[in-house]
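Let us walk through this model by its side-chain contacts.

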Amino acid sequence: MSFEANLERVLARHKELEAILSSSSIMAAENIIHVSKELAELGPIARKITELRALQDQLDEAIAMVAESVEDPDFQAMAKAEIAALSKRLPVTAREVERMLLPGDEADAKNAILEVRAGTGGDEAALFTADLFGMYQKYAHLRGWRFEIMAVSETPIGGYREAIASITGHSVFARLKFESGAHRVQRIPVTESGGRIHTSAATVAVLPEAEELDIQIHETDLRIDVFRASGPGGQSVNTTDSAIRITHLPTGIVVSQQDEKSQHKNKAKGMRILRARVYDMERSRIDDERAADRRGQVGSGDRSERVRTYNFPQGRVTDHRINLTLHKIDKVLVGEALDELIDALTAEDEAARLARMS
């Protein structure tokens, strides 16, 4: 469908919904709510389309005035100035309309479950995992999001084998979804006496936090085992069977939770993580069915896909999907410069989707 045809479709539907609501006395209450919601969603883009067309009309009028005012230099100069101003505003407004026409990801507005795990590299990979987890925690703080640590598996020297958090706030998943994948670090480990640069890795998974309405998980699909907690986070509760292991039988997904002293709290946390993983698996299945449409996207979210390298000797961070390098590794790792990477990834994704629409 062409750009103009899309505009006509939106305006026609907006007008249709307004007409339906004007005769709402014969509608059921639930239908009124549904129509009102759709109308509210279409309202901003309908207004932006109207603004775009008004600007185009003004530009056409100004061009006509230039042709008609050959004998009035002052009036012609004024019309030309208006043409210059409108010529700047029109493409900006058209771009805004194009972005609003892009089909949204229903998960973009959701909160997220963040999972960071050590990959190859032993102790250094675990230390890097802790650095990444801390980076996202600092970034969440800068954006005013709530960062709740749900599970951490520590190493003796302060690294993390695995760390999981719930991040709550405005459009969390939309901002963090391109972080999923393999992150690589190149630096001299603190445990290295020879001063050699090592390469280690960690994987990041950002999952939209699913509500019960998003994905149905039946009790009959679960096997729940209880056991005695141990290790970091479990020392004070290892005299009772408070730890929980939940297995989702249809998918084989397993979640273990032992950070809380209460079995009930551990189960509640475990179910939040499990629901997010099952929901993400279902989204991935649907995405795989649309594989041809995904080839031009910034990234598939595949955990095995190398997405970024953090090179400490050179002080740089490189995102391999868009070939963007920032020579400010310190600011990235404290969350301050992470927006520069995320904004560029988002823009690239939008450009790819707009290209497929044209």
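The structure holds 4 aromatic pairs. Here rings of Phe, Tyr and Trp (its six-membered ring) pair if their centres lie within 6.5 Å; planes under 30 degrees apart count as stacked, over 60 as edge-to-face and the rest as tilted. One of the pairs is F128 with Y310, edge-to-face, at 5.4 Å centre to centre and 65° between the planes. F128 sits in helix α4 (residues 122–142) and Y310 in strand β9, so 182 residues separate these distant parts of the chain. Helices (H or I, at least four residues) and strands (E, at least two) are DSSP runs, numbered from the N terminus. F128 counts as buried because its relative accessibility is 0%. Y310 is likewise buried, at 0%. Buried means under 20% relative accessible area, exposed over 50%, partly exposed in between (1.4 Å probe, protein chains only).

This is a predicted model: local features need pLDDT of at least 70, side-chain atom pairs count only at pLDDT 80 or more, and totals for chains, interfaces and linings use all residues. Residues are numbered from 1 along each chain as its sequence is written, and side-chain values use heavy atoms, with hydrogens and water left out.

Now turn to the charges. The structure holds 26 salt bridges, each a side-chain nitrogen of Lys or Arg within 4 Å of a carboxyl oxygen of Asp or Glu. K177 and D108 form one of them, at 2.8 Å, N to O. K177 is in the loop between α5 (172–176) and β4 (181–187), while D108 is in the loop between α3 (73–101) and β1 (112–118), 69 residues apart.

R308 bridges to E179, with the closest N and O atoms 2.8 Å apart. R308 belongs to strand β9 (residues 306–311) and E179 to the loop between α5 and β4, so the contact ties together parts 129 residues apart in sequence. Both ends are buried: R308 at 0% relative accessibility, E179 at 1%.

Salt bridges that share partners also join K48, E51, R89 and E96 into one network. Within it, K48 and E51 meet at 3.3 Å, N to O. They are 3 residues apart in helix α2, so about one helical turn separates them. K48 is buried at 18%, whereas E51 is partly exposed at 28%.

Helix α2 (residues 29–68) also holds I33. I33 counts as exposed because its relative accessibility is 61%.
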